[in-house]
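Please read it alongside the sequence and the structure shown below.

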Amino acid sequence: MLGLLSGVACGTMAFAARLGFDLRRALGRHVVHHPHGWRAIVGVGTEHTHPRVRAMAAPAYPLPEQHAIYLFANNPEQPHARFGELLRGRPMFRLLPGDGHFRVSGTVGELQCAWWSLTAYDAEGRPMSEDQSECSLLDRDLKGPDGAFEIDVCATRPRPPAPGRRWLRVRPGEPFQLVLRVYEAQHDGDVAQWPVPLIQHAQGGPAC
Amino acid sequence: MLTFLPAFVATWGALSAVDRLLTSAAPQWRLRRSLHKNLGLNGATNVLHHVDEITPMAAVDLLYSVAEFDLSEGPLRLHVAPTDDYRALQCATTSTVTFAYRSTNTTPRLGSTTTLVGPRDAEHDDPSALRCPDSRGLLVLRFLVTDAAHRARIDEKRRECRLEIGSR
């Protein structure tokens with residue numbers, strides 16, 4: 001009897017370990033790390049998408065990357081998705097500290113696409129503000145000297161305002177997620193080479 | 001040891017079988033659950049649902065209109081009202097494989113009528129019709145909105161969009 005019970009217990013534990021390994025391996029096929037501080041999910045919305053990833057992405061009506069690509073801000077202190085988030089189908093969730101000050105910068109028009117937007121969400125995936133203009137910025141709203149732009153992502157509005165600088169508001173002390181959506185990018189090849197905006201700590205800290 | 005190994009193998013085999021079953025059904029199940037939970041769609045087909053709430057991780061710059069379609073009764077005609085900014089039509093199978101995507105970026109005249117044809121109507125004579133691999137699937141319209149005033153305007157406009165069963 002003891003042999004039977006321990007066989008069932010060991011079989012279940014071994015299978016759970018394999019499931020976790022398999023989930024991470026499936027994700028590994030679909031996640032690209034971008035050196036500008038993002039991780040992109042690629043290869044979704046197609047018949048070649050891994051069934052586990054297809055299940056995770058299903059509620060988002062996933063699009064293949066030639067139509068849209070979603071990049072999630074990295075958190076270097078949490079390189080891997082938590083197992084619980086994996087099981088809840090939220091493999092890309094990475095929370096940034098709400099008391100931090102992040103800056104997203106780039107050049108207008110460098111990323112060639114139909115449009116792109118940068119949006120802040122809370123830990124449950126809800127927008128950080130009910131006001132669209134406070135929690136999301138569109139590429140067309142960004143105009144700076146020489147085409148350069150900077151977006152401050154923090155709880156309090158940075159002073160003084162400078163030309164070409166925009167503010168994306170997050171709630172004080174509340175962890176948040178940052179998502180960059182790029183629709184119909186005109187870049188081919190490896191997503192890691194695309195000229196997406198750079199995200200880094202505003203005080204000169206390491207990039208996300 | 002005589003009972004440990006068979007119990008281990010049997011448990012592993014049973015869990016693997018359940019996992020295979022769940023994995024193959026999971027995309028459809030999760031999509032259906034999300035449509036039900038977030039949008040209140042309860043299996044009604046060929047009805048365009050204009051999403052008002054922002055569901056978790058949805059784009060706040062987009063207004064979504066979603067429908068589950070069923071082409072077993074014949075082709076469907078989707079009438080999309082023209083709007084002044086980016087809009088796109090995505091068609092996907094129930095297992096979320098996108099088989100068509102048309103936007104104003106690639107199809108500037110998107111804003112009229114699109115016909116969806118199922119496998120039963122393979123001989124449909126409209127060359128511009130979207131041919132669906134299955135008779136059931138998901139249709140998603142996305143409308144880009146830039147601010148509150150624009151959102152209100154586009155929201156009114158998208159409610160003119162409609163789905164109807166067309167002629168074979």
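Two strands are said to pair if DSSP finds at least two bridges between them. The model discussed here is predicted.

**Sheet of chain A**
- Six strands of chain A form an open sheet with antiparallel pairing, in the order E1-E2-E3-E9-E5-E6.
- Strand E1 (31-34) and E6 of chain A are the edge strands, each pairing on one side only.
- On average, and with direction ignored, neighbouring strands of this sheet are turned by 20° against each other.
- Within chain A, strand E3 (residues 68-73) runs antiparallel to strand E9 (residues 177-183), and five bridges join the two.
- A:Phe72 has A:Val179 as its bridge partner in E9(A).

**Contact between the chains**
- In chain A, 44 residues are in contact with 41 residues of chain B.
- Elements of chain A that each supply at least two residues to the side touching chain B include helix H2 (51-57) and strand E5 (115-121).
- H1(A) gives the most to that side, with eleven residues.
- By class, the side of chain A that touches chain B has 22 nonpolar, 15 polar and seven charged residues.

**Packing of H1(A) and H1(B)**
- The axes of H1(A) and helix H1 (residues 4-39) of chain B are 7 Å apart, and the helices pack at an angle of about 40°.
- H1(A) and H1(B) are therefore oblique to each other.
- Their crossing is right-handed.
- Residues of H1(A) that meet H1(B) include A:Phe15 and A:Leu19, while B:Trp12 and B:Asp19 are among those of H1(B).
- By class, this contact has 13 nonpolar, six polar and one charged residues.

Methods. Residues are numbered from 1 along each chain as its sequence is written. Chains are lettered from A and ligands numbered from 1 in the order in which they are written. This is a predicted model: local features need pLDDT of at least 70, side-chain atom pairs count only at pLDDT 80 or more; totals for chains, interfaces and linings use all residues. Two residues are in contact if their C-beta atoms, placed from the backbone, lie within 7 Å. Helices (H or I, at least four residues) and strands (E, at least two) are DSSP runs, numbered from the N terminus. Ala, Val, Leu, Ile, Met, Phe, Trp, Tyr, Cys and Pro count as nonpolar, Asp, Glu, Lys and Arg as charged, and the others, Gly among them, as polar. Axes are lines fitted to C-alpha atoms, for helices over the stretch in contact, and angles run from 0 to 180 degrees between N-to-C directions. Angles under 35 degrees count as roughly parallel, over 145 as roughly antiparallel, 65 to 115 as roughly perpendicular and the rest as oblique. A crossing is left-handed if the near helix is turned anticlockwise from the far one by less than a right angle, and right-handed if clockwise.
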